[in-house]
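Here's a quick tour to read alongside the model. Keep the viewer open as you go.

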Amino acid sequence: MVTPRRDRKWQFVVDMDRCSGCQACVVACQAENNIPINSEAQFNQHRAVEWIRIERYWEGEFPNVKARFLPVLCQQCGNAPCEPVCPVYATYHNNEGLNVQVYNRCVGTRYCQNNCPYHIRFFNFWEPVWPESLRNQLNPDVTVRSRGIMEKCTFCVQRIRRAELDAARTGKPVGERGSEQEVGLQPACVQACPTGTLVFGDLNDPEHFPTLAKLVKHERRFRLLESLGTEPNVVYLKKVDLEAKEEVHGA
Amino acid sequence: MPRVRPSIVVPLVLFGGGGLAVLGVAVFFLANAWFGVPVGAQGPVQPIAFPHTVHAGAPAEDGTGGLGLSCTFCHRNVEQGAAATVPAVEQCMFCHAAVGGTTETAQAEIQKLRDTAKVGEPILWKRVYRLPDHVQFVHDVHVRLLSQQQGVTPSETCSTCHGQVETMIKVTQVRSLKMGDCVDCHRQYTAPTDCAICHY
């Protein structure tokens, strides 16, 4: 019999204090996950597909303007609003804490997209096309989604699966990248991030994912739209701003 | 007067017997597609008529049988990765630079191989087993598990899905490999049946 799988809970930490808004994660994600190239017209129609995007905010008045960057990806909610509205059970929660989108079940009702408060679900309004020069760039480990299908960030589940298989073959545990003793695991955006803004790991395995285990409990911690009770699996760390005035909200 | 359902009457009136015949044909084709032998059951015609019987068939006492090569002798990546891989032309030429075949047909086919090797181009083998794009299958983990469970060498596990390839002159698909087929086996071995194991 197959040995039971380890009980995982995949989690992201986004340290907003480190983000410089360079968009490397966006490019890496597009390349890794076979996301079609978005045209200007698609952005204008609000039909562009970006599994991770950088939201930019301006703060303050000239000349004291500050740019704020907020990387937003699928929050893989523990209590996901997208799941109960799917009539064909194409999106569901698995026991690894992932909010799975099953492409071959999806019939394209877009209810999930309408019910997602984070706007990170994307519908394929067109058959995806790439220029001829990028034909060989497609990732064979990721399905090319056809027209009429909903898609979203998967936490690079193909990399998780590959790491698990490598771990099974070599006998090493799956862990943070950088040690010879373990099979390194990083989603494409984390790998591309030059400032170390993004940290990924298994919350149930602090031994092999020590950075995540430390940051998840950080005092700057917050989650997006926490009041909705969606229990996101992405933890954000607040920007450190020494000049900011102490503001009391809700007083 | 008994009540007649309009759902039956309407097509009967509209098409008469012809409508029923069309319906019957449609039902036949649908049933055939669902229950019948899978597409590709005849096996595609390959650019070189490669006989698995000669290479992998069991050797006989009088020397007439095959060479008895194990599957992994040629499909070398099957224990290392997702794809089992077809050997490179160079690997064929390790033997066939010297081995030219005994019969006339064999010589003709081996000549095709040698011509390809001279040009330096790969042979465009036709795929026999193809899974849909949204299914991710990894050979190595399946081969490792089955060989551990059954206590046999990796090469002896291939027949679970691919059948007795060593007796096939032309390789054909022997299992439907529809999702039910996969899930049956996954349940039997208590392997995970989470969607995101294969679909992503």
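Predicted model: local features only at pLDDT ≥ 70, side-chain atom pairs only at ≥ 80, totals over all residues.

Residues are numbered from 1 along each chain as its sequence is written, chains are lettered from A and ligands numbered from 1 in the order in which they are written, and side-chain values use heavy atoms, with hydrogens and water left out.

**Chain A overall**

- Chain A has six helices and 12 strands; helices (H or I, at least four residues) and strands (E, at least two) are DSSP runs, numbered from the N terminus.
- Its radius of gyration is 19 Å, close to the 18 Å that the globule rule gives for 251 residues, so chain A is as compact as a globular protein of that length. The radius is taken over C-alpha atoms, and the rule is 2.2 Å times the number of residues to the power 0.38.
- Along the principal axes, the C-alpha atoms of chain A fill a box of roughly 60 × 45 × 40 Å.
- Of the 251 residues in chain A, 50% are buried, where buried means under 20% relative accessible area, exposed over 50%, and partly exposed in between (1.4 Å probe, protein chains only).
- Take the chain A contacts (heavy atoms within 4.5 Å) between residues at least 6 apart in sequence: 63% of them join residues at least 24 apart.
- Chain A has an accessible surface of about 13,300 Å², and 51% of it belongs to carbon and sulfur atoms. Areas come from the Shrake-Rupley method with a 1.4 Å probe; for residues, only the protein chains shown count as cover.

**Chain B overall**

- Buried residues account for 24% of its 200 residues.
- For chain B contacts between residues at least 6 apart in sequence, 55% join residues at least 24 apart.
- Chain B exposes about 13,500 Å², with carbon and sulfur atoms supplying 65% of that area.

**Nonpolar cores**

- The largest nonpolar core has 65 residues, and A:Phe12, A:Leu73, A:Phe155, A:Leu198 and A:Tyr236 touch the most other members. A core here is a set of buried Ala, Val, Leu, Ile, Met, Phe, Trp, Tyr and Cys residues joined through side-chain atoms within 4.5 Å.
- A second, separate core of five residues includes B:Val128, B:Val165, B:Met168 and B:Val171.
- Leaving aside neighbours within four places in sequence, A:Phe12 has contacts that include A:Leu73, A:Phe155, A:Leu198, A:Phe200 and A:Val234.

**Helix H6 of chain B**

- H6(B) covers residues 139-150, 12 residues in total, and reaches 16 Å from its first C-alpha to its last, close to the 16 Å expected at 1.5 Å a residue. The expected span is 1.5 Å times one less than the number of residues.
- B:His139, B:Asp140, B:Val143, B:Leu145, B:Leu146 and B:Ser147 are its buried residues.
- Those buried residues pack against helix H4 (157-170) of chain A together with helix H7 (159-162) of chain B.
- B:Gly151 follows H6(B) and has a positive phi, near 65°.

**Loop residues worth a click**

- A:Thr154 sits in the loop between strand S7 (150-151) and H4 of chain A, and is buried, with a relative accessible area of 13%.
- The side chain of A:Thr154 reaches the backbone nitrogen of A:Cys156 at 3.2 Å, and one of its polar atoms lies 3.3 Å from the backbone nitrogen of A:Val157.
- Not counting residues up to four places away in sequence, A:Thr154 touches A:Trp51, A:Gln76, A:Leu98 and A:Tyr103.
- A:Arg223 is in the loop between strands S11 (221-222) and S12 (234-237) of chain A, and is buried at 14% relative accessible area.
- A polar atom of the A:Arg223 side chain lies 3.0 Å from the backbone oxygen of A:Pro232.
- B:Asn77, in the loop between helices H3 (71-74) and H4 (89-96) of chain B, counts as partly exposed at 27% relative accessibility.
- The C-alpha atoms of B:Asn77 and B:Asp140 are separated by 8.1 Å, though 63 residues apart along the chain.

How values were computed. Polar contact = N/O pair within 3.5 Å; in protein donor to acceptor, adjacent residues only side chain to side chain.
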